[in-house]
Amino acid sequence: MKEKMEMRSAIVVGGTGLVGLNLVKLLCDSEEYVSITVIARSKLTFNHPKLTVIIRSFNELEEKDIGFAHEIFCCLGTTIKKAGSREEFEKVDVEYPLQVASLAKKCGIMHFIIISAMGANEKSSVYYNRVKGKLEKELVALELPQVSIVRPSLLVGERNEFRFGEKMGEWVLKVLNPLLIGPMKKYRSIEATQLALAMKVIAFFGKKSPVTIYNSAQLADLKMPEVKEDEPISREELFNWDKFQKEEVTLIDEEVVFNRQKLPAVKEKNETEQ
C-alpha cells in the first residue's frame, strides 16, 4: 500500500513564464495537490480542473487575492529590455515579489519559495545580480516563517519569446556542461522543467530553516523520493492451509493444568491459614 502524503494547495505568482508555466503544469499533474491558484497579469495557455487563475495587475494586488495555501511560489521576473527601463525592471523583480511576500505573511502562508539568480549579491558590479541581491536582503528582513531562495544558472527551455543572449548562452553551455565538474558544476545550465521539479521537492522536503538558499547544482540534483510500496501478501500465503495442517499442534494435558493430587494439600493449607 502506498503511503499517502498530505493533500496540499499552492499559489503560483507569475505562472505564464518559462518556469512558472512548467511549475503550474507539474503541480496540476501531481496527486499531492488538490488546488493550484495562479496570480498573473495575463491568461494562461493551459487549463486544468484543479486550476484557478486570477488575472490581476500587481499594482492592484490585495490581501483578498491571497487565499489559504501551504506554500506560495514566486516566479516573477523580467528583463530590462522587456521592462523598458531599470525602474520598471526593479518594480517587477523587487517591488512585486516583496509585496507578494508581505501579503503571504499576513495571510499566514508558512512557506515562500522564490526564484532569484545564481550571482545574486547586493554588492555585485553586475546590475542584474545587484538587483537580485537587493531582493534577497529585503526578503530576509521581512522575517517570513520560512523562505526558500533558489538560485538557478542559465535556464533552458522553450520560451514564448526569443531571447538572443540567452539562446547564445544556452548553445555555449550545452557544449561546456560536461566539462563543468566539482565546484564549477553550479555554472551548468538547468532545464526549466528540472527547476520546477526542484521547487516542488523543496516545498515537501526542503530544510525547515527560516532562510535557505539552494544553488544551481543542488537544484539540478533534487528529485521526489520514491514512495516504497509494501509487498502484497499473496492469497497462497494468506490462506496456506497445507502449512497450517502440517504444523504440529501441542495439546494441553488437563492433568497438568488441574493436578488433582495437589488439590487436597492446597485445601488443607487454606483452612489452616484461616
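Trainee: Why is the contact between glutamate 88 and lysine 91 called a salt bridge?
Mentor: A salt bridge is a side-chain nitrogen of Lys or Arg within 4 Å of a carboxyl oxygen of Asp or Glu. For glutamate 88 and lysine 91 the N to O distance is 3.6 Å, so the pair meets the definition. This is a predicted model, in which local features need pLDDT of at least 70, side-chain atom pairs count only at pLDDT 80 or more, and totals for chains, interfaces and linings use all residues. Residues are numbered from 1 along each chain as its sequence is written, and side-chain values use heavy atoms, with hydrogens and water left out.

Trainee: How far apart are glutamate 88 and lysine 91 along their helix?
Mentor: They are three residues apart in helix α3 (residues 86-106), so about one helical turn separates them. Helices (H or I, at least four residues) and strands (E, at least two) are DSSP runs, numbered from the N terminus.

Trainee: What makes glutamate 88 and lysine 91 partly exposed?
Mentor: Buried means under 20% relative accessible area, exposed over 50%, and partly exposed in between, with a 1.4 Å probe and protein chains only. Glutamate 88 has 34% and lysine 91 has 21%, so both fall in between.

Trainee: Which parts of the chain does the salt bridge of lysine 134 and glutamate 90 link?
Mentor: Its N to O distance is 3.6 Å. The pair links distant parts of the chain, with lysine 134 in helix α4 and glutamate 90 in helix α3, 44 residues apart. Lysine 134 is partly exposed at 34% relative accessibility, and glutamate 90 is partly exposed at 23%.

Trainee: How many disulfides does a search of the whole structure find?
Mentor: It finds zero. A disulfide is a pair of cysteine sulfur atoms within 2.5 Å. Cysteine 74 is buried at 1% relative accessibility. Cysteine 28 is buried too, with a relative accessible area of 2%.

Trainee: What makes α1 mostly covered?
Mentor: Eight of the eleven residues in α1 are buried. Among them are Leu18, Val19, Gly20 and Cys28.

Trainee: How do you know that strands β1 and β2 pair?
Mentor: Two strands pair if DSSP finds at least two bridges between them. Six bridges join β1 (residues 8-13) to β2, and the two run parallel, so they count as paired. In this pairing isoleucine 11 stands opposite threonine 37.

Trainee: Why is the crossover from β1 to β2 called right-handed?
Mentor: The chain crosses from β1 through helix α1 (residues 18-28) to β2. The term applies because, with the strands pointing away from the viewer, the path from the first strand over the helix to the second runs clockwise.

Trainee: Which strand is joined to β2 by five bridges?
Mentor: That is β3 (residues 51-55), which runs parallel to β2. Isoleucine 39 has isoleucine 54 in β3 as its bridge partner. Strand β2 (residues 33-40) is mostly covered, with six of its eight residues buried.

Trainee: Is valine 201 buried or exposed?
Mentor: Valine 201 lies in helix α6 (residues 192-205). Its relative accessible area is 5%, so it is buried. Valine 201 and methionine 224 are 23 residues apart in sequence and 5.7 Å apart in space, C-alpha to C-alpha.
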